Each structure stands twice: as structure tokens, then as C-alpha cells.
Amino acid sequence: GEVRGSQKAAIAALESRLQEVSARLQEREGAWRQVLAEKEQETAELRSSLGEAQAHLAGQLQAAEARHLQDLQRERDAHESRAREHQEQMHREMQRLVNEERERGKRERE
């Protein structure tokens, strides 16, 4: 009876130890699952922030391109306007010279 009793005690001790180890493993697994869930949440938030930042930058780029295009159009319009004014001025100057020539011709004939 003694051997059987000591075997039973050893088996009971092993089972108890096994349950302790198993409980600790489950605790650790729970903790790791919690950490993993937190990291997945952080990753999702970072992805979302990145998406927002990319959209914001794309919007800023579009706005900058639009402003640049407007500046170029304003520059072109101003240049064309100056060219027109210059052309009109040249035309008026030519007309004045032609008129002066006519007047001189009239006076000389008279």
C-alpha cells in the first residue's frame, strides 16, 4: 500500500504542477493576445493617419498647382497686354510721322 500511495502522491503532485504551468501559459497567452490587439489597433490608427496625411498633401499639391497656373496665366495676360500697348504706341507714332509728312508736303506745295 505504501508504494501505491507514494505513486498516487507523485502523480497528484505532477498533475498539480501541470495545472500551474497550464494556467501560467494561458495567462501569458492572454497577455500576448492583449498586446497583439493593441498593436493591431495602433497599426490601424497609423494607417488612417497616413491616409489622411496623404489626402491632405495631395490637396495642398493641387492647390499649389492651381495657384501656379493662375500666376502663369496672369503673367501671360500682363505680357500680352504690354505687347498690345507697345504695338498701339508704335502705330500712333507711325500715324503721327505720316501726318507730319503730309503737313510738310502740303506746306511745301503751298
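Modeller: Arginine 74 and aspartate 71 are joined through their side chains by a salt bridge, with N and O 2.5 Å apart. The term salt bridge is used when a side-chain nitrogen of Lys or Arg lies within 4 Å of a carboxyl oxygen of Asp or Glu. This is a predicted model, in which local features need pLDDT of at least 70 and side-chain atom pairs count only at pLDDT 80 or more, while totals for chains, interfaces and linings use all residues. Residues are numbered from 1 along each chain as its sequence is written, and side-chain values use heavy atoms, with hydrogens and water left out.

Both partners belong to helix α1, where arginine 74 and aspartate 71 stand 3 residues apart, about one turn of the helix. Helices (H or I, at least four residues) and strands (E, at least two) are DSSP runs, numbered from the N terminus. Arginine 74 counts as exposed because its relative accessibility is 52%, whereas aspartate 71, at 38%, is partly exposed. Here buried means under 20% relative accessible area, exposed over 50%, and partly exposed in between (1.4 Å probe, protein chains only). Side chains of opposite charge can pair when their charged atoms come close.

By the salt-bridge rule, the count comes to 9. One of these pairs arginine 33 with glutamate 29, at 2.7 Å from N to O. Arginine 33 and glutamate 29 are 4 residues apart in helix α1, so about one helical turn separates them. Arginine 33 is exposed, with a relative accessible area of 56%, and glutamate 29 is partly exposed at 40%. Glutamate 93 and arginine 96 also meet in a salt bridge, at 2.5 Å from N to O. In helix α1, glutamate 93 and arginine 96 are 3 residues apart, which means a separation of about one helical turn. Glutamate 93 is partly exposed at 37%, and arginine 96 is partly exposed at 38%.

Helix α1 covers residues 2–109, and lysine 39 is among its residues. Lysine 39 is partly exposed because its relative accessibility is 45%. From lysine 39 to leucine 61, 22 residues along the sequence, the C-alpha atoms are 32 Å apart in space.

The C-alpha atoms of the chain fill a box of roughly 160 × 15 × 5 Å along the principal axes. The radius of gyration of the chain is 47 Å, whereas a compact globule of 110 residues would have one near 13 Å. That radius is taken over C-alpha atoms, and the globule rule is 2.2 Å times the number of residues to the power 0.38. Of the 110 residues, 0% are buried.
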